[in-house]
Amino acid sequence: MSTKIRIKSLNGWFGEKQVLKDINLDIEENSITAIIGPSGCGKTTLIRCINRMHEVTPGARVEGSVLLDEQDIYKEDPVKVRERIGMVFQRPNPFPTMSVLENAVAGLKLKGIRNRKLLAEKAEEVIKAVGLWDEVKNELNKPGTSLSGGQQQRLCIARALAVEPEVLLMDEPASALDPVSTMRLEDLIYELKKEYTIVIVTHNMQQAARVSDYTAFLYMGELIEYSNTKELFERPKNDLTERYISGRFG
Amino acid sequence: MTSLGVRRIKGYLMLILVAVAFIIIMIPLISMLYMIIKEGIGILSWEFLTALPKPPGEAGGGIGNAIQGSLMMVALASMISIPISIFAAMYISEYGGKLSTITEFIAEVLSGTPSIIAGIFIYTLIVLRIGFSALAGALALSVLMIPTVTIASYESLKAVPRSIREAAIALGVPKWRASLFVILRSAMVGIGTGVILGVARIFGETAPLLFTALGNMYWNEGLLEPTAALPLLIYNYATSPYKSWQTQAWGAALVLLVIVLLLNIGVRIIARKR
Amino acid sequence: MEKFRIFTAVFALSLTALAMLLLTQLIISSLPVMETFGFRFVIESVWDPVKEVFGALPFIYGTLVTSFIALLIAVPLSIGAAVFLTQYISPKLSYVLSFLIEIIAAIPSVVIGLWGIFVLIPFIREEVGPFLIEYLGFIPVFQGPVYGPSILTGALILTIMIVPIITSMTKDAINTVPILQREGMIALGATRWEVITKVTLPYARPGIIGGVMLGLGRAIGETMAITMVIGNAPEIPASLLAPGDTLASVIANQFSEATSALHESALIELGLILFIITIVINICARLILRREVARG
């Protein structure tokens, strides 16, 4: 095991409000790391700092560094960074103007790749990878938004995979889904860790416990505790962590 | 405190009053549509739509050159205005900052410019140099079209959900590609609506053409020649003392109205489908 | 900075450039008259191209009076129609009837002018004019012979043209009134009309005022239709039934036949005045509406 991402003294702001305070966190390669904490604790901001999406928001600011394979991503072209670190959002957001097939390879198409055969092959590959192929193979030319919520979210994961990232960030990917779709998604995430390093934000502690190898607990912009998931849930070291996982606040 | 009965009666009276207000507004509309159809329909024929005008007094003649001139100038004005407006709107919606605020403000101010101002502006700037021409007419129409299409475009672009923008950026797509191929494409229905309404508006504009396109009794033979236009012809014929021309003015008005209303209704159908 | 940003910025800047060019072009072309007449231009009431005496007052008067009368008639009609369309009928019927009002806004000005010449002018000459003289003739503004083309005719044409915009802005403003506000009043036992006058319209007032300002801007700048019915007389008539002229109509009517360079320059200065008035009114309207958006 080696460290894929190293977050060093990371601070984040929205306007005047500091939402991340001196975060230090190492993320293991080919593992699933969950970030938990009550709403407003900065967990979404943290994950958005890892592929430089935070700075896209007007008024947002970041200080500190995030190393990907020991290279500071804040010293590189953000576009290149986001190719290597994919993201899946809270709500499924397939492109409404594109078909299922086009959505799956949207990243490639948008970069100007025109080769239809290559695109079709890649689309099939990633749609299969997210276990969607059998469900949508006859609807590949329908708009991406015509699928069910769970299917849309898996399509969005396929879309992220098609760019061939090394890391996959997921910001509460199941929060808009029903229980059955959530289960399927969790199985998929578990599958994906063989090839990708995954960071998942969730407000659902059971979900974190089920899927992740490591868990970080954030509270009011500070990293309170970070360890092996089993350990964190069974033997929390910090009093705040214990109170949170036992459901006494948040 | 007045009794409930009295208050109710007052309420009914007021209902009648507001309904009457609506009916009063409808009277001129109905009268206009009735007159245009009644006076205009008799003269419609293939010859009327395609032939050149004849001198007053002579029977026959048509508005072919005016339709040609209008189509030409509206097409040229659209070609000038649409790219300028869309790219300006993309700056406003995608980048923000001072230049965006200023551009948005200027677009709003310009959209209220009286159309006759566009005419004298292009007269002093262009006509005095190259003469009365289709080009000058198209430029005057552009002055009116650019602000309206810009406003419609940035309103549509701003309405594209954040999540769609972020999805594109998170794929590692350069911002300009995301803007052009995802955001612009998502806003296309709204922008298209704005463009069509803009076209419908300039199709009927007369004042900007009075001292730019000038008018012409013959076919237009080039962008640098004076040219006829449907609204100009209606104005000239309506204010002429000749009965035959006045009748043709109604016919031309019917043609113009059908074009403008078709564009307006078409837009509604597109917008409703979405 | 990235290339695409610079590329689009050029287009964004072109709008500002266009506005600046427009303003400077109008100012430069008005300079000859400004130098000859100075401020007297706006207070002088004689307009005589032959003697080269140019005063803008008749047109400023004509513009203000026609627009003012148009507002006087259009505002109550529009608010009434907007209340009718939003409060009393089903949304479906409202959609259809609102579309009819929008059709009025879509009709080209020159077509409305054509109708004005052949329907409205005879109507004023044969019905309205004689009626006003007979019953209200003791008031000076309703005296004198009736030709048909007149300040009043122009004002009525403007009324027709600004009703759609004021109605639609009023409807928008009414639709932003929170349901809670209205329900609170209904719960107190108010009749529908009382809710409208005591809650809905007061709440919607800034939006309505913004719409009225936009309508005013439209009325002041309107050219073709009014040129065709106002009679084109560069005078300040005592009677509303006499012909007049507005800033826009005199430009449309005289510009292509300008007798001298000074005449042309004087017409352009009228355009400059018109441009500035409409800009000021439109900015006021936008500011009111923007504050409204910020509040809502």
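A salt bridge here is a side-chain nitrogen of Lys or Arg within 4 Å of a carboxyl oxygen of Asp or Glu. The exercises below use a predicted model.

**Exercise 1. Decide which contact between A:Arg48 and B:Glu166 joins their side chains.**

Step 1. Take the N to O distance: 2.6 Å.
Step 2. Compare it with the cut-off, which is 4 Å.
Step 3. The side chains of A:Arg48 and B:Glu166 therefore meet in a salt bridge.
Step 4. The count between chain B and chain A is 1 salt bridge.

**Exercise 2. Describe the side of chain B that touches chain A.**

Step 1. List the elements. Those giving two or more residues are α7 (162-170) and α8 (175-186) of chain B.
Step 2. Find the main contributor. α7(B) gives the most, with 8 residues.
Step 3. Sort the residues by type: 10 nonpolar, 3 polar and 4 charged.
Step 4. Count both sides. Here 17 residues of chain B are in contact with 28 residues of chain A.
Step 5. B:Ala170, B:Leu171 and B:Arg185 supply 31% of the area that chain B buries against chain A, more than any other three residues.

**Exercise 3. Determine which pair of chains has the most contacts, and characterise its interface.**

Step 1. There are 2 pairs of chains that touch, and the most contacts are between chains B and C. Chain A and chain C do not touch; their nearest C-alpha atoms are 12 Å apart.
Step 2. Count residues. In contact are 76 residues of chain C and 76 residues of chain B.
Step 3. Take the area. About 6,900 Å² is buried between chain C and chain B, and carbon and sulfur atoms give 80% of that. In chain C, the residues losing the most area to chain B are C:Phe4, C:Leu15 and C:Trp193, together 10% of what that side buries.
Step 4. Check the charges. Chain C and chain B share 3 salt bridges. One of these links B:Arg268 to C:Glu102, with the closest N and O atoms 2.4 Å apart.
Step 5. Assign the chain C side. Helix α1 (residues 3-37) of chain C gives the most, with 18 residues. By type, that side divides into 51 nonpolar, 18 polar and 7 charged.

Methods: Residues numbered from 1 in each chain as written. Chains lettered and ligands numbered in written order. Predicted model: local features only at pLDDT ≥ 70, side-chain atom pairs only at ≥ 80, totals over all residues. Heavy atoms only, no water. Contact = heavy atoms within 4.5 Å. Buried area = accessible area lost by both parts, 1.4 Å probe. Helix = DSSP H or I, 4+ residues; strand = E, 2+ residues; numbered from the N terminus. Nonpolar A, V, L, I, M, F, W, Y, C, P; charged D, E, K, R; others polar.
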